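Visitor: I am new here. Please walk me through how the parts are arranged.

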Amino acid sequence: MAARDTLPSVFFEMLQSFTALGQTVNLSRAVEQIGVTRQTIRRHVNDLEELKNEKLFELQDRKYTLTPAGKIAMIEADQLL
């Protein structure tokens, strides 16, 4: 059984949103890539940040960058997905 099959679907969607934004570092492109709303991606990332109790992205001048914790989380998310 793949790791994806053992994760609740909401967690899987949260990881998809996180990795899409992490790969594109652009909210509009992440929305296009996975076909959800901007609000959904923001909510998923906020929920993951709360779960991990650390910031995964910095947002400055409407540009996203991964924090050091976000870079580590990207590796972990890629392994889970």
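Visitor: Why are α3 and α4 called roughly perpendicular to each other?

Guide: This is a predicted model. In it, α3 and helix α4 (residues 38-52) pack at an angle of about 100°. Angles of 65 to 115 degrees count as roughly perpendicular. The pair is therefore roughly perpendicular. Their axes are 9 Å apart.

Visitor: Which residues make that contact?

Guide: From α3 come Leu-27, Ser-28, Ala-30, Val-31 and Ile-34. From α4 come Arg-38, Ile-41 and Arg-42. By type, five are nonpolar, one is polar and two are charged.

Visitor: Which residues of α2 and α3 meet?

Guide: On the α2 side, Gln-16, Ser-17, Ala-20, Leu-21, Gln-23 and Thr-24. They meet Leu-27, Arg-29, Ala-30, Gln-33 and Ile-34 of α3. This contact has five nonpolar residues, five polar and one charged.

Visitor: How do you know that β1 and β2 pair?

Guide: Count the bridges. Pairing needs at least two. Four join strand β1 (residues 57-60) to strand β2 (residues 63-66), so the strands pair. They run antiparallel, with Glu-58 opposite Thr-65 in β2.

Visitor: What lies between β1 and β2 in the hairpin?

Guide: Two residues. Asp-61, in the turn, has a positive phi of about 55°.

Methods
Residues are numbered from 1 along each chain as its sequence is written. This is a predicted model: local features need pLDDT of at least 70, side-chain atom pairs count only at pLDDT 80 or more; totals for chains, interfaces and linings use all residues. Side-chain values use heavy atoms; hydrogens and water are left out. Contact means heavy atoms within 4.5 Å. Ala, Val, Leu, Ile, Met, Phe, Trp, Tyr, Cys and Pro count as nonpolar, Asp, Glu, Lys and Arg as charged, and the others, Gly among them, as polar. Axes are lines fitted to C-alpha atoms, for helices over the stretch in contact, and angles run from 0 to 180 degrees between N-to-C directions. Angles under 35 degrees count as roughly parallel, over 145 as roughly antiparallel, 65 to 115 as roughly perpendicular and the rest as oblique.
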